[in-house]
Structure formats: C-alpha cells, structure tokens
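This report describes a protein model and the ligand that accompanies it. Please examine the sequence and the structure before reading on.

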Amino acid sequence: MNEKTTHFGFTEIPESEKATRVQGVFGSVASKYDVMNDAMSLGIHRIWKDAMMDWLAPRPGQRLLDVAGGTGDISFRFLKRAGSGHATVLDLTEPMLVAGRQRAEAASMADQLDWVVGDAMALPFDDNTFDTYTISFGIRNVTRPQEALNEAYRVLKPGGRLMVLEFSQIPTPALQWAYDRYSFNLIPPMGKLIANDSESYQYLVESIRKFPDQETFLGMVRQAGFGNAKYRNLSLGIACLHSGWKL
Ligand SMILES: C[S@@+](CC[C@H](N)C(=O)[O-])C[C@H]1O[C@@H](n2cnc3c(N)ncnc32)[C@H](O)[C@@H]1O
C-alpha cells in the first residue's frame with residue numbers, strides 16, 4: 001500500500017517521517033533558538049507575542065497548556081500577565097524544553113511550570129483540563145494540524161480559549177514578493193552564521209509558504225468545534241492570531 005505523504009518545507013515526504021524530521025530541526029537549533037528569533041525578526045516576534053497576550057488577557061489562577069511551547073516564551077509571558085497560575089509546556093523536542101527549563105530556573109519561576117515531551121496530535125491529558133490552550137509558531141510544523149486543533153478542543157474546559165500565533169500570508173502581492181526575497185535570501189544564511197545550520201532555516205521559510213492562509217485556517221478552527229472564531233493580522237499578515245472558544 002502507498003503511504004500517505006505530506007510536505008516538509010517544499011519537499012514531499014511520507015507522513016510517518018515528518019515528526020522525526022521536525023525534531024531534527026529543533027533539536028539542532030535549540031541552544032541558539034532564542035537568539036535566532038531575535039535576529040531573524042529584528043525582535044518583532046516579541047511584539048507579536050505581546051499582542052497575543054493583549055488579546056488573550058490572562059487572568060489570575062488560570063491553567064495554561066502551551067503546545068509546541070519550546071523554550072517557554074508564551075508561558076512566561078502568560079504567567080507574568082496572569083500574576084498567578086500554572087503553565088504546562090508540551091513539545092515534541094526535548095532539547096527545546098531543556099533550554100526552557102533553564103530559563104524558568106534562572107527567573108525563579110520553576111514552581112509554576114511543567115515541561116512535558118509529547119505530540120500536539122495526541123495530548124497526554126484528560127478531557128476538559130485547561131482554561132487556555134496556546135500554540136505559537138508550532139502548528140505549522142505539525143503533521144496533521146486539524147488533529148492538533150481537535151485535541152485542543154478536547155482538553156480545554158467548557159468556556160476555555162484557544163489562541164494560535166502563526167506565520168501567515170500577506171494579502172498584498174507586491175509586499176509578499178518583497179517579504180519572500182527577504183526570507184529566502186537572508187534567513188538561511190543568518191541561520192548558518194548564528195546556529196551553523198542553514199538547512200533548518202531553509203525549512204522554516206519553506207514551511208511558512210506552505211501554511212494555509214488566514215481564512216482557510218479559520219475554517220479549520222471552526223471545524224474543530226470552536227465558537228466565536230476570529231483572526232487578527234499582525235504586521236500586515238506576516239503573522240496572524242486565531243482565537244476560538246469552547247462554548
Ligand atoms: C518555532 S518553535 C516555537 C516555540 C515557541 N512556541 C515560540 O513561540 O517561540 C516550534 C516548536 O514546535 C515543536 N513541535 C513541532 N511539531 C510538534 C508536535 N507535533 N507536537 C508538539 N510540538 C511540536 C518543535 O519541537 C518546536 O519546539
């Protein structure tokens with residue numbers, strides 16, 4: 001029987017290989033991940049993550065599940081805004097979580113966080129467990145994103161909130177052209193210089209172009225069962241926030 005295929009950047013691969021390839025990318029860049037984020041986006045990823053918090057408006061005592069949470073950027077912001085609460089950071093790639101745990105210890109926040117190795121498509125948590133589910137620059141890497149959204153719906157409590165931050169598509173062709181020139185020509189060499197790994201960053205820029213546009217992804221959020229689903233573009237659509245509620 002022919003195995004189903006999927007995309008890994010611009011390369012078509014068997015579905016069963018994608019998670020291992022993705023782990024390879026993030027395992028390779030983990031120790032340089034935070035530095036590279038600032039370099040590639042000129043620090044703008046921080047503004048997008050703050051915009052995510054502005055819309056999410058964390059409240060004291062809330063329980064967050066931060067899927068594909070990596071080195072914990074979203075969880076740290078969430079806990080600081082909430083004032084009190086708990087975050088579970090789940091990620092496929094252990095070295096990313098190890099880097100995050102070191103950050104938590106340095107910031108004396110270790111008590112408020114758990115770090116769990118796992119897959120967004122099969123969450124090791126009971127139904128109706130969390131107040132908030134976030135996934136930031138993660139769902140683009142998941143083999144079957146619809147399954148991750150279905151899992152988000154399952155583990156959220158009734159009344160719980162989903163928020164997705166992801167690269168998206170710029171609706172203006174001339175701007176998309178300029179952005180493509182920047183990302184395809186500059187980001188892989190920057191990856192080579194800072195993380196000694198241009199291939200991982202080549203994957204990054206290709207995976208951005210393969211990800212569904214704002215409206216298509218909104219349909220997937222609704223299909224998972226989320227109500228009051230909406231999106232907001234960031235920086236003209238370079239990135240986008242999608243929000244939905246388990247009503
Ligand atoms: C670009 S990083 C994002 C990290 C963090 N959320 C942030 O915004 O800085 C993407 C993360 O997604 C994780 N990831 C990819 N596929 C995953 C999956 N199926 N389940 C869980 N995590 C996954 C990778 O290991 C990586 O740490």
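## A helix residue and the ligand site

Leucine L97 is part of helix α5, which covers residues 94-106. The model to which this residue belongs is a predicted one. Is L97 buried or exposed? Its relative accessibility is 3%, and buried means under 20%, so L97 counts as buried. Along the chain, L97 and V116 are 19 residues apart, and a distance of 7.8 Å separates their C-alpha atoms.

Which pocket does the ligand take up? The space that the ligand takes is the largest pocket. Two elements, α1 (15-29) and α2 (33-41), each give two or more residues to the shell around the ligand.

There are 19 residues around the ligand, and those that come nearest are Y33, A68, D91, T93 and S136.

| Residue | Atom of the residue | Atom of the ligand | Distance |
|---|---|---|---|
| A68 | backbone N or O | nitrogen | 2.9 Å |
| T93 | polar side-chain atom | oxygen | 2.6 Å |
| A120 | polar backbone atom | nitrogen | 2.9 Å |

How much of the accessible area of the ligand does the protein cover? On its own, the ligand has 600 Å² of accessible area, and the protein covers 98% of this area.

In review, L97 in helix α5 counts as buried, while A68 and T93 are among the residues that come nearest to the ligand.

How values were computed:
Residues numbered from 1 in each chain as written. Predicted model: local features only at pLDDT ≥ 70, side-chain atom pairs only at ≥ 80, totals over all residues. Heavy atoms only, no water. Near = heavy atom within 4 Å. Polar contact = N/O pair within 3.5 Å; in protein donor to acceptor, adjacent residues only side chain to side chain. Areas by Shrake-Rupley, 256 points an atom, 1.4 Å probe, with all protein chains shown as cover. 1 Å grid on protein atoms, 1.4 Å probe; cavity = no way out; pocket = protein on both sides within 12 Å on 5 of 7 lines; lining within 4 Å. Sits in = over half its atoms within 2 Å of the grid points. Helix = DSSP H or I, 4+ residues; strand = E, 2+ residues; numbered from the N terminus. Buried < 20%, exposed > 50% of the residue type's maximum accessible area, 1.4 Å probe, protein only.
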